[in-house]
Structure formats: C-alpha cells, structure tokens
Amino acid sequence: MGAWVSVLLGMDGAEAAAAAAGAGPAAVGLGDLPELCAAQVLLRLDPPEICMLARLNHAFRGAAGADFVWEAKLPENYSYLMEFVGSGDEGRRRRQRAGKKEIYARLARPVPFGDGQKEFWLDKSKGMICMALSSKALVITGIDDRRYWQHMPTSESSFQSVAYLQQIWWFEVVGEVDFCFPVGTYSVYFRVHLGKFYKRFGRRHFSSEHVHGWDKKPVRFQLSTSDGQQALSQCYLEEPGSWVLYHAGDFVASNPDQLMKLKFSMAQIDCTHTKGGLCIDSVLFYPKGKGFQERVVRSQK
C-alpha cells in the first residue's frame, strides 16, 4: 500500500522511507491524502469496497460522499428508475433533493412496482438491475380454480406467497413486463419447487404427495422481446424438495432510455397425462453470469 500512496503524493523513495519511519516533519500518513486523490481511488472500486475504505480515515470518508463518485456507479437511466420511488409531489421533491449516494442506497434496496407484485433493485457489482415478478403477477392457466391451484403463504418467498399446483392437464404460465433496462445482458429464470413444503416444530419438511407427470415430457421455456430477440429451451423438472432456477433465456438491453417489452412462458401442454405437486414462486431477471446459492438448470437435450 505504501508504494502507491507515495506515487499519489509525489514523494521520491528517500522521502517515502523517511515518512514511513516517522522521521522528521515530512512524515505523512493516509490521513493526509487529499480528498480528490482519495476520490480517484474510489472511482476504481466497487461500492462495497468504497464503503469499507470510507471507514479508514477522514480523507476516504469525505471522498466517499462525493456525488461524482456515486454517479459513476449508477446506471445511465437512474432518473427513470427513481421515478418508481415514492409518489406524488412529496416523493418528487425527495428525489430532487437526494444526493447520488442516497440515490444509490435507495436503488440498492428492493423497489416495488406493479401493485407490489413486482420489484427491482440495483446489482452492487455490475451496475445493472435485478428484477423479480411474483406468481400473482403471472397469468397461470386455471389459477382461479381451487381444484387445481392454491396460493400458499410462506416465508421462503420474498413476496410471502407461492402458487401451488395440485393437479392439472394443461400447464401454462405466462408473464410480461415493460421496462427500460440499463445496458447489459440479462438472464431470465423461473424459480420453482417440486413438492409442498411446510414447517413443523421449527423444522422444514416437504411432501411429494402430488408430485407427478414432470418426468414424462419436458417443460418448454420461451422468451421474446419487442426488438426481436427470442429464446427457446426445454428441460425436465427435477430435485423434489429444493428450490431450483430454470433458465428461460437471455436478452440484451442496448438502449437504457427505450422501453422494452418482454414476454416469457413456462408450459407443458401435453394432455395425455396430468401433472402436479409444483410450487411457482417468481420469475427472476439477473445480470448474466451472476452466481447463485440455489441450483440453476439450463436447457437439456
């Protein structure tokens, strides 16, 4: 660390050695680093690293509050994203008064929209957004018929509820979203679970009573965008008792100021057999390449 600090301060080798040893009036430390130099360092770091360095000394703490540091970490269309935060005149005034660091902090937390059935948040490492659509934001065949489906409350969903399928012949789930996505490549996933899960005496249990039909034919996933991008994949549903992310496809956002319409679906419409025992939590949008703790399944041949 001493070497790059010496370069920033314009000290030669002898002066740097004397300063490091605390010899004479020339001795300096990181606390003497000009805020502008500290800010140039912070511009090259990710937001979590900026917050860590801000605790180091007053120079980094002051630089960590600079608008131009945080504006460089925000998506180009952050003004559009902030339109979803708050409502009415008071919400507009708060947005206008907010500094760039405050804007970043607010967008890094989930921002609900679509009557609370959808939310997005800023990915801290890539400067792109993540998005989630609840099962209630999707069009599900037969969802209003309690013989087939039921909404099951659970803390395992960020929306506190999942759609549970007992049995059906025609299975189809369709979703749409219109949004101005920051520039980048995004992946779309369906988060599903085979079997009904529940808690008893504080421990998680699950039942595979209704699970059937998913090993006979694969499920088809489709994705299309308003600018002509398309993806098609299929795979068998597997691993009862665990949440699994099934990859529906990728799309590229190239214009952050242009509204993009996406349509995506998950279907198994072979009516020669019934299928059931499936929980649908949400559809997720993430920057491509993001790692997950939950298992991800991609197209199978």
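Is Asp-123 buried or exposed? Asp-123 counts as buried, at 4% relative accessibility; buried means under 20% relative accessible area, exposed over 50%, and partly exposed in between, with a 1.4 Å probe and protein chains only.

A word on the basis. This is a predicted model, in which local features need pLDDT of at least 70 and side-chain atom pairs count only at pLDDT 80 or more, while totals for chains, interfaces and linings use all residues. Residues are numbered from 1 along each chain as its sequence is written, and side-chain values use heavy atoms, leaving out hydrogens and water.

The whole structure contains 11 salt bridges, each a side-chain nitrogen of Lys or Arg within 4 Å of a carboxyl oxygen of Asp or Glu. One of them joins Asp-123 to Lys-290, at 3.3 Å from N to O. These residues are 167 apart in the chain: Asp-123 sits in the loop between strands E2 and E3, and Lys-290 in the loop between strands E15 and E16. Strands (E, at least two residues) are DSSP runs, numbered from the N terminus. Lys-290 is partly exposed, at 30%.

A further pair is Glu-156 with Arg-204, at 2.6 Å from N to O. Glu-156 lies in the loop between strands E5 and E6, and Arg-204 in strand E10, 48 residues away. Glu-156 is partly exposed at 22%, and Arg-204 is partly exposed at 35%.

Finally, Glu-176, Asp-178 and Lys-261 are linked in a network of salt bridges.

Conventions
Helix = DSSP H or I, 4+ residues; strand = E, 2+ residues; numbered from the N terminus.
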